[in-house]
Amino acid sequence: NMHSGLSPYYRGGASNFWPFINNDLNLFGVTIHKMSTGIDSGDIIFTQNLEFKNGDNYPDLNCRSIIKGTELMINTINNIMHKNIKTIKQWQKGKIYNSHQYNYFYVYLYYRNLKKYKIRSSYFKLNPILVRNGKLLR
């Protein structure tokens with residue numbers, strides 16, 4: 001599965017929207033993971049975070065995550081074909097958002113936050129752990 005969000009930090013719907021709300025500008029990204037019965041909870045194969053650039057918005061970052069996710073999916077398919085696929089279990093639950101949580105209040109917060117964002121280290125609360133073919137990168 002390709003998830004347009006950085007698992008395990010953000011799972012569920014509109015996962016690249018919620019970092020705007022929570023001031024987690026370094027937790028935009030994409031995840032390739034095995035399917036599971038949970039919400040974006042399968043073992044991770046690849047993750048990639050996306051750099052927030054001044055002027056970016058949710059559609060910009062989400063489109064870039066889909067482009068990067070397509071590249072990672074091709075890498076995943078190649079690794080499967082060469083029997084070189086590795087996975088890692090998700091190391092935390094992270095935040096899960098569902099479509100019913102998306103409402104006008106959060107749209108207001110999104111636009112309010114969008115106006116104030118500058119690239120400042122104070123907005124980068126967490127350096128994400130990334131995964132490359134089942135191996136943690138620190």
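Predicted model: local features only at pLDDT ≥ 70, side-chain atom pairs only at ≥ 80, totals over all residues.
**View 1. The end of helix α2 and what follows.**

**View 2. The start of helix α2, with its cap.** Asn57 caps the N-terminal end of this helix. Look for a side-chain oxygen of Asn57, which sits 2.9 Å from the backbone nitrogen of Asp60.

**View 3. Helix α2 from end to end.** Residues 58-81 make up α2, and its end C-alpha atoms are 34 Å apart. That agrees with the 34 Å you'd expect, because 24 residues at 1.5 Å a residue should span that distance.

**View 4. The buried residues of α2.** Here you can pick out Leu61, Asn62, Ser65, Gly69, Leu72, Thr76 and Asn79. Their cover includes β1 (2-3), α1 (18-21), β3 and β4. An α-helix has 3.6 residues a turn, so residues three or four places apart point the same way.

**View 5. Strands β3 and β4 side by side.** β3 (residues 29-33) pairs with β4 in the antiparallel sense, over 5 bridges. One to find: Gly29 has Asn49 of β4 as its bridge partner. Of the 6 residues in β4 (residues 44-49), 5 are buried, so the rest of the structure largely encloses this strand.

**View 6. How confident is the predictor?** Mean pLDDT for the chain is 88, with 92% of residues at 70 or more. Among the elements, β3 has the highest mean (97) and β7 (residues 135-137) the lowest (84).

Note on methods: Residues numbered from 1 in each chain as written. Heavy atoms only, no water. Buried < 20%, exposed > 50% of the residue type's maximum accessible area, 1.4 Å probe, protein only. Helix = DSSP H or I, 4+ residues; strand = E, 2+ residues; numbered from the N terminus. Pairing = 2+ DSSP bridges. pLDDT = per-residue confidence, 0-100. Expected span 1.5 Å × (residues − 1). Contact = heavy atoms within 4.5 Å. Polar contact = N/O pair within 3.5 Å; in protein donor to acceptor, adjacent residues only side chain to side chain.
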